[in-house]
Amino acid sequence: MVKNFPDGVRDLTSEDYQQVEETATTIRHLFQSYGYRSVQTPSFEAYDLYHFPGAPDRNAMLKCIDTSGRVLVLRPDATVPLARMVAMNYPQNESLRFSYQTTIFRQAEAGLGDLSEWNQAGIEAFGDESPEVDAEVVSIGVEALLALELDNLHFDLGHAGYLAGLFEELSLTEAQEKELLGYIESKNLPELQRTIRTWDLPDNGARALLRLPQLYGTPEDVIEEAKSLCLNAQMNDAIQNLTQVVENLKDLIDVPLQLDLGFTNRMHYYTGLIFKGYMQNAGSALVSGGRYNDLSSQFGLSRPACGFGLNLSYLSTLLPKAVAQTPVVVRYSNETRKLVCKKAKEKRQNGSIVITLSESATSPTDQEVLDLRNLEEAQKW
Amino acid sequence: MVKIALAKGRLAETAIDILQASGYVFPDYSKKSRKLVFEDESKTIGLTFVKSMDVPIYVEKGAADVGIVGKDILMEIEPDVYEMLDLKMGACRICVAGFPETKIRRQQLVIGSKYPNVAKKYFQKQGIKTEILHLNGSVELAPIMGLSDVIVDIVESGKTLKENGLVVLEEMHPISARLIVNKVSLKTKGTIVESLIETLRKETLNRYEDC
């Protein structure tokens, strides 16, 4: 008996895995049709790669040690290694489009039923910071969910530059900013009010902060109010950029689109657009992405980028179970073996699934076996 | 349908009163009923009764869209949800309590609590190393029996403390019931969830005008 089975991992039986594979194939075709070529980064990277301001949470990373004592991490996110790979392998500042499909490892908290290992697919567009590229990336996220025949979808856009601009005006300590981020992220207006009251903030800054948790809704309403709260050029630019992305998107997609300026930069590398895709009655976001113009410079090459990821393992659980193609099972004798195997090969080339059994092989329990031990029967088959 | 998770008790009864007053009728509901799920006549809202400690996970995972739960539990579990309203009900404080002469600004403080995460974070912030004993009830016993130096617990009137010779040594945070919302549901079931929030916001203002 197996004991000590680790938490946060699971076996995919053939039905489960078929679902994951089919989902992945549909999505890969879509990415490729937009010119996003598939790439793969190594399963582990140096722990040091994630040592920069704003890197993903290092506590949750699964570490291992190689024979020389160097600490490695199992791929804890897809974007950082990809940005590293692109900076190292494509030094010319060209426009590049890449897609991936990979395993992400991150220690899940116990007792929440989350996985420590999951399949993720995504795209990253490098070298272009136009709102048109932002719109393209979001629209591919929408199309990915539509291609899987999911409905009741809803997409939300935010912008990291808006809050960053507001923080510029407030000269807060890092600890204070972190506290505010928590309240904004959880739309916790009561706690935000209580906290701001005890701090000495300029009136217009406090007013904008207090509106942030509620700055979500239709693009028109949100943009209008967000504009009236702008305190500097950075906030204005963010709203202008967001407006352009929305305008572009309206021509590309046809799903409900809203803005939420209360989205905070939880993956700290986002610099511009942040977006999420939801489906009714699915408890977590299905698509999550944004623009990260400064990440690449961590790896020695400044190059803007925008992308998203979707959790294939989670998505697969929302889809109807895959239907497996029924195989044909045949039993041959010494006399008919050559003929049956030749015919089986032809049938497989024509798309059938054929399992051939020798005379003494045990039959599969759940399938009928076609008896081709007789030469005449085999010839007719 | 919007599913609301809440714990049985006074909080739930007040919440149901408010919902009934704003036009949602739950024909099957009675305090004594053993049922755990109730729908209103128009099938707009479904109530689900779970243990209070479990409300956050039901909402975070989307098994329920909305939850009503005490701030103490949110501080302990720190779920990834929207915390949108202070319902002001069930007001109390989470406190450090112990014998009057106990000094709490010292290293190796031993704390008994139903809220190990809250206790640990609070003292960590102040650079105090603690040893936390996770207890499940009658926390006041811990200092009396010599199990811990102090306790971290919610205090309403302070009567239980007083009867056991204990006092509040430090108030940590005010506690009251909060309305939490699943991050997807707020967007994908916006109309019903928003109107529910608005109903509860107005009712809270009516009941606690001074706040």
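**Sheet in chain A.** I started with an open sheet of 3 strands in chain A, in a model that is predicted. I read the strand order as β2-β4-β3, and the pairing is antiparallel. I then looked for the edges: β2 (44–46) and β3 (63–65) of chain A each pair on one side only.

I followed one pairing in detail. β3(A) is joined to β4 (residues 71–74) of chain A by 3 bridges, and the two run antiparallel. Which residue of β4(A) stands opposite K63(A)? I found V73(A) there.

**Domains of chain A.** I took down two domains for chain A, domain 1 (14–318) and domain 2 (328–380). Their C-alpha centres lie 52 Å apart.

**Strand β1 of chain B.** I moved to chain B and asked how many residues of β1 (residues 2–6) are buried. The count is 4 of 5, so I put the strand down as mostly covered, a residue being buried if 20 or more other C-beta atoms lie within 10 Å of its own.

I checked what β1(B) pairs with. It is joined by 5 bridges to β3 (residues 45–49) of chain B, running parallel. Within that pairing, I4(B) has L47(B) as its bridge partner. β1(B) is also joined to β4 (residues 66–70) of chain B, by 3 bridges and again parallel. Here L6(B) has I68(B) as its bridge partner.

**Nonpolar cores.** I looked up the largest nonpolar core, which holds 105 residues. V55(B), L179(B) and V181(B) touch the most other members. I noted that helix α3 (residues 131–147) of chain A gives the largest share of this core, 8 residues.

I listed the contacts of V55(B), leaving aside neighbours within four places in sequence. They are A5(B), L6(B), A7(B), V50(B), G67(B), V69(B) and I73(B).

Another core lies apart from the largest one and has 21 residues. Among them I wrote down L109(B), Y115(B), L135(B) and L166(B).

**Contact between the chains.** I ended with the contact, to which chain A gives 16 residues and chain B gives 13 residues. Which elements of chain A give two or more residues to the side that touches chain B? I found β7 (153–159) and α6 (189–198). By type, the residues on this side of chain A divide into 6 nonpolar, 8 polar and 2 charged.

How values were computed:
Residues numbered from 1 in each chain as written. Chains lettered and ligands numbered in written order. Predicted model: local features only at pLDDT ≥ 70, side-chain atom pairs only at ≥ 80, totals over all residues. Contact = placed C-beta atoms within 7 Å. Nonpolar A, V, L, I, M, F, W, Y, C, P; charged D, E, K, R; others polar. Core = buried A, V, L, I, M, F, W, Y, C linked by C-beta atoms within 7 Å. Buried ≥ 20, exposed ≤ 12 C-beta atoms within 10 Å, placed from the backbone. Pairing = 2+ DSSP bridges. Domains from an automatic or database assignment.
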